[in-house]
Amino acid sequence: MLDIKVLGSGSSGNCYIVGDGQSRLLLDAGLPIRQIQTGCDYKVNEVAGCLVTHKHKDHSKAVRDLARRGVKVYGTQEMRENGLPITVLKRQAQDLTSIGVGTFNVRPFMALHDCECYGYLIHSLVTNDKLIYLTDSARIPYRFKGVDYWMIEANYSLKILDEKVADGMDETRANRVINTHMSIEKLLTYFQGFDHLPAREIHLIHLSNDNSDADAFQRQVEAVTGVPVYIA
Ligand SMILES: [Zn+2]
Ligand SMILES: [Zn+2]
């Protein structure tokens with residue numbers, strides 16, 4: 001079993017802690033360092049590492065503070081070019097190399113956002129659980145098999161967004177959301193593509209304040225997958 005703790009989710013800041021009983025990982029660092037420290041019971045220096053998805057502030061705010069406290073932070077080439085103190089996961093052709101972080105094996109893959117953005121397939125060598133962490137992505141690039149825990153973006157509902165545009169929302173803004181984030185409709189279609197989803201938990205993350213409906217999203221994903229769904 002993995003232990004998943006949400007410190008923050010959405011455009012106001014993303015940060016999660018995943019533990020397997022032996023080591024803990026931070027997923028994204030988009031909160032003030034004080035909040036992250038409190039979330040880690042003031043043992044932030046004991047985390048095995050921090051995996052950051054991309055350069056946007058709601059995911060990278062505390063990168064420098066973490067590095068200063070001795071935490072190894074992993075991220076994209078682009079973040080490094082922007083001067084952030086991170087370890088870059090080198091590209092090998094299309095895919096990225098897998099790395100060991102504490103008791104986890106981590107394989108990054110390319111997400112689809114408006115900047116270089118990674119998703120992570122995380123495998124605990126202690127519990128043998130697999131976890132997908134994917135946010136700020138308009139697509140899911142693979143049919144991932146044997147995943148026990150999904151932490152995946154359900155940013156908006158296309159239906160809600162269409163209603164907003166009909167009510168006068170700027171269409172360019174709506175299209176930006178569509179091209180850079182995950183809709184509940186796309187996520188449901190993806191999960192419907194599995195005959196059986198042998199997962200323990202699904203965590204829906206990075207919900208938009210304006211364009212989502214948490215209760216409906218939870219019900220819909222549970223209905224399609226039969227897996228317990230949590231809203232971050
Ligand atoms: Zn974001
Ligand atoms: Zn972003």
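Predicted model: local features only at pLDDT ≥ 70, side-chain atom pairs only at ≥ 80, totals over all residues.

Reader: In which loop is the place of A62?
Author: Two helices have to be located, helix 2 at residues 57-60 and helix 3 at residues 63-68. A62 has its place in the loop between helix 2 and helix 3.

Reader: Does A62 count as buried or exposed?
Author: A residue is buried if 20 or more other C-beta atoms lie within 10 Å of its own. Because A62 has 29 C-beta neighbours inside 10 Å, the term that applies to A62 is buried.

Reader: What separates the C-alpha atoms of A62 and R34?
Author: Along the chain, A62 and R34 are 28 residues apart. Leaving out residues up to four places away in sequence, A62 touches A29, L31, P32, I33 and I36. The separation between the C-alpha atoms of A62 and R34 is 9.3 Å.

Reader: Which strands stand at the edges of the open sheet?
Author: Seven strands form this open sheet with mixed pairing, in the order 9-10-11-12-13-14-15. A strand with a single partner strand has one side left without a neighbour in the sheet, and this applies to strand 9 (99-101) and strand 15 (229-231).

Reader: In strand 10, which residue is the bridge partner of I99?
Author: Strand 9 pairs with strand 10, residues 104-110, in the antiparallel sense over three bridges. In strand 10, the bridge partner of I99 is V106.

Reader: At about what angle does helix 8 run to strand 15?
Author: Helix 8, made of residues 214-225, lies across strand 14 (201-205) and strand 15. Leaving aside neighbours within four places in sequence, L204 is in contact with residues including F217, Q218 and V221. The angle at which helix 8 runs to strand 15 is about 160°.

Reader: Is N128 buried or exposed?
Author: N128 lies in the loop between strand 11 (118-124) and strand 12 (130-134), and N128 has a positive phi of about 65° although it is not a glycine. Since N128 has 9 other C-beta atoms within 10 Å, N128 is exposed.

Reader: And what is the phi of D28 near?
Author: D28 is found in the loop between strand 3 (24-27) and helix 1 (33-39), and D28 counts as buried, with 31 C-beta neighbours inside 10 Å. Most residues other than glycine have a negative phi. The phi of D28, a residue other than glycine, is positive, near 65°.

Notes:
Residues numbered from 1 in each chain as written. Chains lettered and ligands numbered in written order. Contact = placed C-beta atoms within 7 Å. Pairing = 2+ DSSP bridges. Helix = DSSP H or I, 4+ residues; strand = E, 2+ residues; numbered from the N terminus. Axes fitted to C-alpha atoms, helices over the stretch in contact; angles between N-to-C directions. Buried ≥ 20, exposed ≤ 12 C-beta atoms within 10 Å, placed from the backbone.
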